[in-house]
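Here are some exercises to work through with the model open beside you. Try each task before you read its solution.

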Amino acid sequence: MNEDVYQIGKIGKAHGVKGEVQMQFTDDVFDRTDADFVFLKVDGLLVPFFFEEYRFRSDDMALVKFEDIDTAERARELTGCEVFFPREKADSDEANISWAEIIGYTVVNSADGKAVGTISAVDDTTINVLLSVADSNGDEHLIPISEDLMAGMDKKERTITLNIPDGLLEL
């Protein structure tokens, strides 16, 4: 997987006859930066698609018109494509980073400085946000994340250092 991008959503069904598509998104990058393109995964390849225009339908869905996609048939070809955004264009910092951006980061235990594993998913559907972290053996660990447990973050190195409670990794 390309580490220069992160997934922010998925293309839904075509809308209308002029080439618009519904785009479900899981990241608020559009609120933080002026995006003029995204990458769509087409046949396993990341292909840049430039916005002609987009408008929000809800907090997690927009109607998008891409350049050169001018018919409902062309729009339907994009249905189901995963949507990615370039990390360097995400106008975020350590204090303002989205959950989607940290997928792929390495979690480091502050107690011993050792890497625990790589964040494969973030579950923010409950009060306690959980990181799903895959270790080198392929085992998944669910690790809570909160300001109290954060010891540091390095966007350049793509690491998050956490004060992981004793015994949590043995569960």
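Before we start, one term: two strands pair if DSSP finds at least two bridges between them. Also keep in mind that this is a predicted model.

**Exercise 1. Is Phe84 buried or exposed?**

Step 1: Locate the residue. Phe84 sits in strand E6, residues 82–86, and E6 closes the listed order of the barrel strands.

Step 2: Check the accessibility. The cut-off for buried is under 20% relative accessible area. Phe84 has 3% relative accessibility, so Phe84 counts as buried.

**Exercise 2. Work out the order of the strands in the open sheet, and which strands stand at the edges.**

Step 1: Take the order. Six strands form this open sheet as E10-E9-E8-E7-E12-E11, and the pairing is mixed.

Step 2: Look at the ends. E10 and E11 (150–154) each have a single partner strand, so one side of each is left without a neighbour in the sheet.

Step 3: Neighbouring strands here are turned by 35° against each other on average, direction ignored.

**Exercise 3. Trace the pairings of E7, E8, E9 and E12.**

Step 1: E7 (residues 106–109) and E8 (residues 115–123) run antiparallel and are joined by three bridges. Across this pair, Val108 stands opposite Ala115.

Step 2: Follow the turn. E7 and E8 make a hairpin with five residues between them, and Gly113 in that turn has a positive phi of about 75°.

Step 3: Carry on to E9 (residues 130–134), which pairs with E8 in the antiparallel sense over five bridges. Here Asp123 has Leu130 as its bridge partner, and the hairpin from E8 to E9 runs through six residues.

Step 4: Go back to E7 and look at E12 (residues 159–162). This pairing is parallel, with four bridges. Val108 turns up again, this time with Thr161 as its bridge partner in E12.

**Exercise 4. Where does Ile143 lie, and which residues does Ile143 touch?**

Step 1: Ile143 belongs to strand E10, residues 140–144.

Step 2: Its relative accessibility is 1%, so Ile143 counts as buried.

Step 3: List the contacts, leaving out residues up to four places away in sequence. Among them are Val107, Val116, Leu130, Val133, Leu162, Ile164 and Leu169.

Step 4: Ile143 and Leu130 are 13 residues apart in sequence, and 5.4 Å apart in space from C-alpha to C-alpha.

**Exercise 5. Which loops hold Asp43 and Asp68, and what are their phi values?**

Step 1: Most residues other than glycine have a negative phi.

Step 2: Take Asp43. Its phi is positive, about 50°, although Asp43 is not a glycine. Asp43 is found in the loop between E3 (37–42) and E4 (45–58). With a relative accessible area of 78%, Asp43 is exposed.

Step 3: Take Asp68. Its phi is also positive, near 70°. Asp68 lies in the loop between E5 (61–66) and helix H2 (72–76), and at 58% relative accessibility Asp68 counts as exposed.

**Exercise 6. Sum up the whole chain in numbers.**

Step 1: Count the elements: three helices and twelve strands.

Step 2: The C-alpha trace spans about 55 × 30 × 30 Å along its principal axes.

Step 3: Turn to burial and surface. Of the 171 residues, 41% count as buried. The accessible surface comes to about 9,900 Å², with 47% of it belonging to carbon and sulfur atoms.

Step 4: Finish with the charges. There are 16 positive and 36 negative charges, and their mean positions are 8 Å apart.

Note on methods: Residues are numbered from 1 along each chain as its sequence is written. This is a predicted model: local features need pLDDT of at least 70, side-chain atom pairs count only at pLDDT 80 or more; totals for chains, interfaces and linings use all residues. Side-chain values use heavy atoms; hydrogens and water are left out. Helices (H or I, at least four residues) and strands (E, at least two) are DSSP runs, numbered from the N terminus. Buried means under 20% relative accessible area, exposed over 50%, partly exposed in between (1.4 Å probe, protein chains only). Accessible areas come from the Shrake-Rupley method with a 1.4 Å probe; for residues, only the protein chains shown count as cover. Lys and Arg count as positive and Asp and Glu as negative; His and the chain ends are not counted. The place of a charge is taken as NZ of Lys, CZ of Arg, CG of Asp or CD of Glu. Contact means heavy atoms within 4.5 Å. Axes are lines fitted to C-alpha atoms, for helices over the stretch in contact, and angles run from 0 to 180 degrees between N-to-C directions.
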